[in-house]
Amino acid sequence: QKEVPLKKFAFLIHPRDTSDVARRWWVTKFLPNPLVDTIIEKLKGRLGFTICSNFKIEKLNKKVEGYIIATLLTGRQMMTLPLKIVRKRILDTILFAQNKLGVEIIGLGSLTTSLTDGGKWLIQNPEVRLTITHGDTYGVAVAEEGIEKILNVFKTNKQNPKIAIVGAYGLIGRALSKIFAKKNYDLILIEKTEEKVNLLREYLKRFSLLKDNILTISTDLNEIRNSEIIITTTSHPGALLKSEHLKKGAIIYDIAQPMNVSPQLIKERPDIIKIDGGYVDIDGIDLKFNMGPPKGTTFACLVETMMMALEGEKNHHIGEIDDSYLEKTKEWAKKYGFAHAPFTCFGKPISL
């Protein structure tokens with residue numbers, strides 16, 4: 001009997017900073033960071049991306065084959081180089097996955113989502129025939145699960161915490177703003193421009209959620225000093241939060257990739273708890289590549305891509321988070337045994 005070829009998927013990543021390049025090429029850790037940055041910026045064509053791993057997954061008698069592929073630009077380069085150059089590098093990576101590897105579904109990781117307009121720019125290209133997801137839908141589901149665990153600690157202590165969302169008009173930030181506004185939590189919503197602040201107001205108004213529990217919508221990061229829980233979801237290329245922004249004993253749920261909280265901040269402020277947000281327990285799946293999360297866990301956006309391959313999903317999931325699809329990803333996660341990973345801070349286990 002002829003064997004049916006496995007459905008193939010890929011997940012697109014990029015180095016968060018120069019030190020991440022050493023995860024793929026260890027020799028680069030002996031080179032000065034500016035030199036490594038210069039080299040990867042000048043790469044062209046097939047040299048501009050690399051296959052980090054190839055692995056197989058078996059769940060409920062279904063088998064799929066996955067690839068992790070890195071577009072070789074750091075977070076800072078992605079945010080500062082001309083958009084045309086960055087998008088060309090991302091497109092080259094995706095077309096290689098499609099045309100050379102036979103990939104049918106691709107998930108966009110980290111800044112590759114925001115820099116392709118949530119994937120919308122990619123599907124407008126006639127050469128792109130595969131299915132694309134930004135993976136942020138299951139990212140929202142996992143974040144909601146993690147934040148509810150944090151909130152349960154406050155409820156046990158009969159406290160009513162204020163929640164700040166930094167990057168509140170991003171895809172994940174917008175969806176979480178809506179979810180927690182509906183649940184009547186006191187919210188402080190932060191965006192980097194007045195334009196996004198106004199768009200966020202209109203968005204919440206559309207769902208009749210611009211109520212008294214929205215304490216402020218602002219561009220001023222100092223507003224989060226009043227929050228017990230801070231959720232960071234920005235596309236900022238590095239650490240954003242500073243000690244002076246944070247209330248004593250604040251809990252930060254950091255979904256951003258690159259992370260919005262630095263290890264130095266946690267050393268300066270031992271009273272602060274930082275949780276690695278959006279990590280999923282994938283016990284039994286070997287990705288064959290260390291992307292940063294602790295062994296046995298990975299990013300929710302990658303897990304969404306896996307689940308789409310296992311389900312044979314053919315629809316794009318890009319742009320605005322769709323509520324019905326959000327519920328579907330939660331059902332898939334139960335079906336395949338995926339859930340929020342145990343809490344960690346920079347990969348080290350913590351408890352609340």
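Reply: Buried means under 20% relative accessible area, exposed over 50%, and partly exposed in between, with a 1.4 Å probe and protein chains only. Strands (E, at least two residues) and helices (H or I, at least four) are DSSP runs numbered from the N terminus. This is a predicted model, where local features need pLDDT of at least 70, side-chain atom pairs count only at pLDDT 80 or more, and totals for chains, interfaces and linings use all residues. Residues are numbered from 1 along each chain as its sequence is written, and side-chain values use heavy atoms, leaving out hydrogens and water.

Me: How many residues of strand β3 are buried?

Reply: β3 covers residues 62-71 and is mostly covered. Of its ten residues, the buried ones number eight.

Me: Which residue in β3 is the bridge partner of F9?

Reply: Two strands pair if DSSP finds at least two bridges between them. β1 (residues 7-13) runs parallel to β3, with seven bridges joining them. For F9, the bridge partner in β3 is G66.

Me: And which residue of β3 does T50 stand opposite?

Reply: β2 (residues 49-59) pairs with β3 in the antiparallel sense, over ten bridges. Their hairpin has two residues between the strands, and L60 there takes a positive phi near 50°. Opposite T50 stands A70.

Me: Is E148 buried or exposed?

Reply: E148 sits in helix α7, residues 136-156. Its relative accessible area is 17%, so E148 counts as buried.
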